[in-house]
Each structure stands twice: as C-alpha cells, then as structure tokens.
Amino acid sequence: MSAFLHADGWITLATLSALEIVLGIDNIVFLSIMTAKLPPEQQPLARRIGLLLALGMRLLLLLAISWVMGLKATLFTLFGHGFSGRDLILLGGGVFLIGKATHEMFDKLEVEESKDAPSKGKSSFPSVIAQIVVLDIVFSLDSVITAVGMAQHISIMMVAMFIAVGVMLVFAGKIGAFIHRHPSMKILALSFLLLIGVVLVADGMGQHISKGYIYFAMAFSLGVELINMRLRLRQKPVQLHTRRGSSPDLLQAPGQAPPGG
C-alpha cells in the first residue's frame, strides 16, 4: 500500500477510476438490456450478480497479469495479419454483441407480442447470467489491459476497479429503469451495443478505433434523443417554417385537404 503514501498514487487512482467508470458504460448498457428480459423482481439481483462477476473477473485477471499480457503474443497469421489470444477474444465478443443487438432490435420492432403468450421474449435467470458472464470476460480484458497501461501498482488498479464497480452498482438500476421507460432509448442503447460490437471486431482485426470517437458519438446521439424526448412532451407538434410565396401544399400531410379546399 506504499503507493498511497504519495500524491502521484492518488492522482493515478482518481484518473484510473474515472477511466474505468467510462469503460464500464458498455457493461451497464448491456446489463440493462439483458436484465430487462427478466421479471421485475429478479432484475435487481441479476444486476448485482452481473456487476460483482465483472469485478471478480477483473481482479482475477489482475492477479494473472502475466497471462493477460501474454495474450498479446501472436498465435497465428492469416492474410498477412497476426492474431493473438486477445484478438480472438475481442472478435468473439464483437460478433456476439452484433448478433445479440441485431436480434434484440428485430424482436422489439418486428415481432408482434401475443396476448396469449405473455411470457414470450422472457429469458430464464441462468441464461441471462450466462450471457452477462460472456460479455464480462471481453469487457474485463479491455479494462485490465487499460489499467496495466496506466498504473504500475496492483493495489491502485484493484481499488480503482472497486470504485468503478461501486459507482455502477449505484447507477445501474436507475439507468436500466430509464431505458425501460422509454422505447426510443432502448433502441438507442441497442444501437450503442451494435456500435461497440463493430469496434470490438475491428480491434480484433487489427484496426484500432479510438474509444474517444465512440464515446463522443454515443454522447451526441444521447443528447439529440433527450432533446427529442423533451419536444415530444409538448402538445403542439413542431411546425416547419416556409418561405414567403412557397406553396404550403408541399408540406401538408398525405390525405390532408389543402387550406381553403
């Protein structure tokens, strides 16, 4: 614990904790989507188990840090690109996320819910936890590699991860409830997962995309959707302005009679 006796240690802890919280956004979005498929009384327990498993995996990977860094060694070469164990894990996780997000979008938009089958679309508790574990492995690997690149002391990395998971435990329920209340936000969250899946696949193929661009795009999309949600609360819809002399018939709704007609 000597790392905490110096100001540099505390600065590193604060920086790494903030970065781990940002990296945990992916995990929270996926967690919120998956636990929403469970009955309401099981969702809090599933969120807690999912986040605690994520913390446990991060700590185990930190203790096996030499093995984690060994995953970056090239295993084989294909089409001129060397693939490592890390690349294969990222590729598998990315493909899983793309498939899962696409399936969920189709299920929300195309599949009609039947009143005779109220349980349709619901998943069992073990299957949800199993899918959370699969993605936790991918997200934990990325998180640990980032932590190793920023800090030299295992104690700082562990405390930062405890802080990050603690923050996620506090806010995961509220974020999940917010996504569940707003259908458009659920589709946006699924779009985020699709985007993250594409980034993981690209990273696994050796095409690194800066996470800063991804998070900026996500924040921008979220801001636009929050503005749209605020506008939808108004009774009167937003009207487009027309220039003087232009025909208002061009902007009328289909089937609507023209003014004065």
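How many bridges join strand β1 to strand β2, and in which direction do the two strands run? Select residues 74–78 and residues 81–84: 4 bridges join these strands, which run antiparallel. Strands here are DSSP runs of E of at least two residues, helices are runs of H or I of at least four, both numbered from the N terminus, and two strands pair if DSSP finds at least two bridges between them.

The model is predicted, so to speak of local features requires pLDDT of at least 70 and side-chain atom pairs count only at pLDDT 80 or more, whereas totals for chains, interfaces and linings use all residues. Residues are numbered from 1 along each chain as its sequence is written, and side-chain values use heavy atoms, with hydrogens and water left out.

**The hairpin**

Select Leu78 next; His81 of β2 stands opposite. The hairpin has 2 residues between its strands, and one to display is Phe79, which takes a positive phi near 55°.

**The nonpolar core**

Now select Phe30, Leu97 and Leu193. Within the largest nonpolar core, which has 53 residues, these three touch the most other members. Such a core is a set of buried Ala, Val, Leu, Ile, Met, Phe, Trp, Tyr and Cys residues joined through side-chain atoms within 4.5 Å; buried means under 20% relative accessible area with a 1.4 Å probe, protein chains only. Helices that each supply at least two residues include α1 (7–35), α4 (85–109) and α7 (183–204). The largest share, 10 residues, comes from α5.

Centre the view on Leu193. Leaving aside residues up to four places away in sequence, Leu193 touches Asp26, Val29, Phe30, Ile33, Leu97 and Ala101, contact meaning heavy atoms within 4.5 Å.

**The cavities**

A cavity is a set of points, on a 1 Å grid over the protein atoms alone, where a 1.4 Å probe fits but cannot get out; lining residues have an atom within 4 Å of a point. There are 2 cavities of 30 Å³ or more, a volume being the space filled by probe spheres set on the points, which are joined across faces, edges and corners.

For the largest cavity, select Leu23, Asp26, Arg58, Phe139, Asp142, Ser143 and Lys211.

Finally, select Ile33, Ala36, Lys37, Glu104, Lys108 and Lys186, which line the second largest cavity.

Notes: Buried < 20%, exposed > 50% of the residue type's maximum accessible area, 1.4 Å probe, protein only. 1 Å grid on protein atoms, 1.4 Å probe; cavity = no way out; pocket = protein on both sides within 12 Å on 5 of 7 lines; lining within 4 Å.
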